[in-house]
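Here is a short report on helix packing and aromatic contacts. Keep the sequence and the 3D view open while reading.

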Amino acid sequence: MAGKLIMVTGGARSGKSEFAESYVLHFSPKCDYIATAEILDEEMAERVRLHRERRNDGRWVNHEAPYHAEDVFAKLGGDTQAVLFDCLTIYMSNLFYGKNAPEGEFLERCDYVFREIDKVLEAARRCGKIVVFVTNEVGGGIVPDNQMAREYRDLAGWVNQRVAQAADHVYYCVAGQAVDVKKLAFKFEDEGV
């Protein structure tokens, strides 16, 4: 199973991070963990603390990468066979709104994010390990009432589609249960002809 890209998605508190952690640990007793969050307030600090608490048993090699995560993949050691990237939507948010955020029209800024995500996907594929990307499914509710939230929702959906297309498996988590969406996905009968 080495060299596979996996995407795990779901809503808030769907069990996606727990599933993704179990998934990588199933294939490697020690795993790399690429954390994308920047701690900018107390609430985020608490979320990060809870995630770290789950990973304080010596089975994780932690890497912080709110930006340029592709560089981390190039430096991974040989003592692990799996990588957990948590989470893609926070990473996308860092790129779109963070300290090096692009200027311009919405779609121009999206193109910048797509190029950066493509770099991460290429680096993940090249590292030769199982790489699990955790992401949030944010577009399942009411259309937001403000432009910033609508743009975030749209960009997250497009990024998730991009990563899902590249992934070997896509798991959707709901109520702590994971379903392999890519296995169930519709395909035209003449596809590939």
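Tyr23 and Phe27 lie 4 residues apart in helix α1 (residues 16-27), so about one helical turn separates them. Helices here are DSSP runs of H or I with at least four residues, strands are runs of E with at least two, and both are numbered from the N terminus. The model is predicted: local features need pLDDT of at least 70, side-chain atom pairs count only at pLDDT 80 or more, and totals for chains, interfaces and linings use all residues. Residues are numbered from 1 along each chain as its sequence is written, and side-chain values use heavy atoms, with hydrogens and water left out.

**Aromatic pairs**

Rings of Phe, Tyr and Trp (its six-membered ring) pair if their centres lie within 6.5 Å; planes under 30 degrees apart are stacked, over 60 edge-to-face, and the rest tilted. The count comes to 14 aromatic pairs. One of them joins Tyr23 and Phe27; this pair is tilted, at 5.2 Å centre to centre with 50° between the planes.

How exposed are residues such as these? Buried means under 20% relative accessible area, exposed over 50%, and partly exposed in between (1.4 Å probe, protein chains only).

| Residue | Relative accessible area | Class |
|---|---|---|
| Tyr23 | 10% | buried |
| Phe27 | 30% | partly exposed |
| Glu151 | 13% | buried |

Phe96, Tyr97, Phe106, Phe114, Tyr152 and Trp158 form one aromatic cluster.

**Helix α4 against helix α6**

The axes of α4 (residues 88-97) and α6 (residues 147-166) come within 10 Å and cross at roughly 125°. That makes α4 oblique to α6. Oblique is what remains after under 35 degrees (roughly parallel), over 145 (roughly antiparallel) and 65 to 115 (roughly perpendicular). Axes are lines fitted to C-alpha atoms, for helices over the stretch in contact, and angles run from 0 to 180 degrees between N-to-C directions.

Contact means heavy atoms within 4.5 Å. From α4, the residues meeting α6 include Leu88, Met92 and Phe96. Their partners in α6 include Tyr152, Leu155 and Val159.

**Burial of α4**

In α4, 7 of the 10 residues are buried, so the helix is largely enclosed by the rest of the structure. Among the buried ones are Tyr91, Asn94 and Leu95. The cover includes α3 (69-74), β4 (82-86), α5 (106-126), β5 (130-136) and α6.

Glu151 is found in α6. Leaving aside neighbours within four places in sequence, Glu151 is in contact with Phe96, Phe106 and Arg109.
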